[in-house]
Amino acid sequence: MRIELPSGTTAEVARPTGEPALGVVLLPDIMGLRPLFDALAARLAAQYGWMVVEPEPFPGRESEPVETRLATMGSYDHARHVADALAAADVLGVERVAVTGFCMGGMGVLRAAASGRFERAASFYGMVRLPADWSGGTDPLDELLAHPGSAERVLAIIGTADPYTPPGDVDALAAAGATVVRYEGAEHGFVHDPDRPTHRPDDAADAWQRVASWFSGH
């Protein structure tokens, strides 16, 4: 079901059958809301009993191709991205709320974790530091470090062959207190899109099991 957040940003909501076990804000990748993520939200609601809300990362720019979005990342409004994640959490009306996301959305997860609003956070191959051509604003790692205890809420799912998460950045995230799970040889985007050539179904299944356990407090 599509809703509108107070900021005007469009979001998709997926509700489980019965009382939600957990509220989850799902931050999509750079391509934003689309059938792939709507289906993922519905699956998570059905499989885990979570109430899921996913806000569009480029409000008002939904029709832009990914090439245009990539070209404008240097001026991206990260503060609004986090603000929409917080507003999405409030929409859920659930006491316990976690946040997860992929790629650019995984980077947003790290920023959102620093807010203190979310009980747990799971970042799928989110950028720990801004890529050189995305420069603008603070690095996600710096935001976590500025709020002691925030990194301990983070589970980071990382592929060792992912150029967006270089080993030094991942080591720094782990040193800050995050729990990092590295999948040897996995490339960027190996979990969330089965149509990508980089998809690794066994690793994806394992990663989701880890996230579900993390969100349950284990």
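Guide: Two residues are in contact when they have heavy atoms within 4.5 Å of each other. Keep in mind that this model is predicted.

Visitor: Which residues does Asp29 touch, leaving out those up to four places away in sequence?
Guide: Start with its place: Asp29 sits in the loop between β3 (22–27) and α1. Residues up to four places away in sequence are not counted. The residues that Asp29 touches are then Arg34, Phe37, Pro57, Phe102, Cys103, Gly105, His192 and Arg196.

Visitor: Is Asp29 buried or exposed?
Guide: Buried means under 20% relative accessible area. Asp29 has 1% relative accessibility, so Asp29 counts as buried.
One of its contacts is Arg34. The side chains of these two residues are joined by a polar contact of 2.7 Å.

Visitor: How many aromatic pairs does a search of the whole structure find?
Guide: Rings pair if their centres lie within 6.5 Å. With that rule, a search of the whole structure gives this number of aromatic pairs: twelve.

Visitor: Why is the pair of Phe37 and Phe102 called edge-to-face?
Guide: A pair of aromatic rings is described by the distance of the centres and the angle of the planes. Here the centres of Phe37 and Phe102 are 5.8 Å apart, and the planes stand at 65°. Planes over 60 degrees apart count as edge-to-face. The angle is 65°, so the pair of Phe37 and Phe102 is edge-to-face.

Visitor: How many residues apart are Phe37 and Phe102?
Guide: Phe37 belongs to helix α1, while Phe102 belongs to strand β5 (residues 97–102). Their pair links distant parts of the chain, and the separation is 65 residues.

Visitor: Are Phe37 and Phe102 buried or exposed?
Guide: The cut-off for buried is under 20% relative accessible area. Phe102 has a relative accessible area of 0%. Both Phe37 and Phe102 are buried.

Visitor: What kind of aromatic pair do Phe102 and Trp208 form?
Guide: Their rings are 6.1 Å apart, centre to centre, with 55° between the planes. Stacked needs under 30 degrees and edge-to-face needs over 60, and the rest are tilted. The pair of Phe102 and Trp208 is tilted.

Visitor: Which parts does the pair of Phe102 and Trp208 tie together?
Guide: The two parts are 106 residues apart in sequence. Phe102 lies in one of them and Trp208 in the other, so the pair ties together strand β5 and helix α7.

Visitor: Which residues form one aromatic cluster?
Guide: Phe37, Phe102 and Trp208 are among them. Trp208 is buried, at 6% relative accessible area.

Visitor: What is the phi of Tyr125 near?
Guide: Most residues other than glycine have a negative phi. Tyr125, in the loop between β6 (120–124) and α5 (140–145), is buried with a relative accessible area of 0%. Its phi is positive, although Tyr125 is a residue other than glycine, and is near 40°.

Visitor: What is the phi of Cys103?
Guide: Cys103 lies in the loop between β5 and α4 (104–113). Cys103 has 6% relative accessibility and so counts as buried. Cys103 is not a glycine, yet its phi is positive, at about 55°.

Visitor: Which element gives the largest share of the lining of the largest pocket?
Guide: The largest pocket holds about 220 Å³ of space. Of its 14 lining residues, the closest to the centre are Leu40, Arg43, Val191, His192 and Trp208. Both α1 (35–48) and α7 (201–215) supply at least two residues of the lining. The largest share, six residues, comes from α1.

Notes: Residues numbered from 1 in each chain as written. Predicted model: local features only at pLDDT ≥ 70, side-chain atom pairs only at ≥ 80, totals over all residues. Heavy atoms only, no water. 1 Å grid on protein atoms, 1.4 Å probe; cavity = no way out; pocket = protein on both sides within 12 Å on 5 of 7 lines; lining within 4 Å. Points joined across faces, edges and corners; volume = space filled by probe spheres on them. Helix = DSSP H or I, 4+ residues; strand = E, 2+ residues; numbered from the N terminus. Buried < 20%, exposed > 50% of the residue type's maximum accessible area, 1.4 Å probe, protein only. Polar contact = N/O pair within 3.5 Å; in protein donor to acceptor, adjacent residues only side chain to side chain. Phe/Tyr/Trp six-rings, centres within 6.5 Å; stacked < 30°, edge-to-face > 60°.
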